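Look at the sequence and the model before reading on.

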Amino acid sequence: ENMGKISKEKRERLLRIRKSLLRGDIMRIAARAGVSRVWVSYVLHGKDTSEPVLRSAEALISERKQNIV
């Protein structure tokens, strides 16, 4: 992992998102954020930053949790 240069808060946010992802979610996040799957993967692995990608990922996870309950 290449997350040495990011803040503790951002690292925790990324790990929380990645822990909740299911198969196909990178493609879904990319479609929501209007970016490529490769870009989403880069962002989620801490190699670059994109607030729209992180917000899209968190929204997807939140919606999934609401549908379960």
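Helices here are DSSP runs of H or I with at least four residues, numbered from the N terminus. By that count, serine 50 sits in the loop between H3 and H4. The model is a predicted one.

Serine 50 is buried, because its relative accessible area is 12% and buried means under 20%. Beyond residues up to four places away in sequence, serine 50 touches Trp39 and Val43. Glycine 46 also follows H3, and its phi is positive, near 75°.

## Helix H1

H1 covers residues 8–20. Its 13 residues reach 19 Å from the first C-alpha to the last. That is close to the 18 Å expected at 1.5 Å a residue.

Which residues of H1 are buried? They are Arg13, Leu14 and Ile17. Viewed down the H1 axis, the buried residues fall within an arc of 95°, so they line one face of the helix. Lys8, Arg16 and Lys19 lie on the other side of H1 and are exposed. The cover over the buried residues of H1 includes H3 and H4.

## H2 against H3

H2 spans residues 25–33, and H3 spans residues 37–44. The two helices pack at an angle of about 105°, with their axes 8 Å apart. H2 and H3 are therefore roughly perpendicular to each other. Angles of 65 to 115 degrees fall in that class.

Which residues make the contact? From H2 come Ile26, Met27, Ile29 and Ala30. From H3 come Arg37, Val40, Ser41 and Leu44. By class, the contact has 6 nonpolar, 1 polar and 1 charged residues.

## The buried side of H3

Val40, Val43 and Leu44 are buried in H3. They cover an arc of only 95° around the axis, which puts them on the same side of H3. H1, H2 and H4 are among the elements that cover these buried residues.

Two of the contacts already described involve this set. Val40 and Leu44 meet H2. Val43 is touched by serine 50.

## Helix H4

H4 runs over residues 51–68. At 1.5 Å a residue, its 18 residues should span 26 Å. The end C-alpha atoms of H4 are 26 Å apart, which agrees. The buried residues of H4 are Val53, Leu54, Ser56, Ala57, Leu60 and Ile61. They cover an arc of only 165° around the axis, so they are on the same side of H4. Their cover includes H1, H2 and H3.

Serine 56 lies in helix H4. Is serine 56 buried or exposed? Serine 56 counts as buried, at 11% relative accessibility. Leaving out residues up to four places away in sequence, serine 56 touches Ile29, Arg32 and Ala33.

Alanine 57 is also found in H4. Alanine 57 is buried, with a relative accessible area of 0%. Apart from neighbours within four places in sequence, alanine 57 is in contact with Ile17 and Ile29. Ile17 is one of the buried residues of H1, and Ile29 belongs to the H2 side of the contact with H3. How far is the C-alpha atom of alanine 57 from that of serine 20, and how many residues separate them? The two atoms are separated by 9.4 Å, and the residues are 37 residues apart along the chain.

Methods. Residues numbered from 1 in each chain as written. Predicted model: local features only at pLDDT ≥ 70, side-chain atom pairs only at ≥ 80, totals over all residues. Heavy atoms only, no water. Axes fitted to C-alpha atoms, helices over the stretch in contact; angles between N-to-C directions. Parallel < 35°, antiparallel > 145°, perpendicular 65-115°, else oblique. Contact = heavy atoms within 4.5 Å. Nonpolar A, V, L, I, M, F, W, Y, C, P; charged D, E, K, R; others polar. Buried < 20%, exposed > 50% of the residue type's maximum accessible area, 1.4 Å probe, protein only. Arc of directions from axis to C-beta. Expected span 1.5 Å × (residues − 1).
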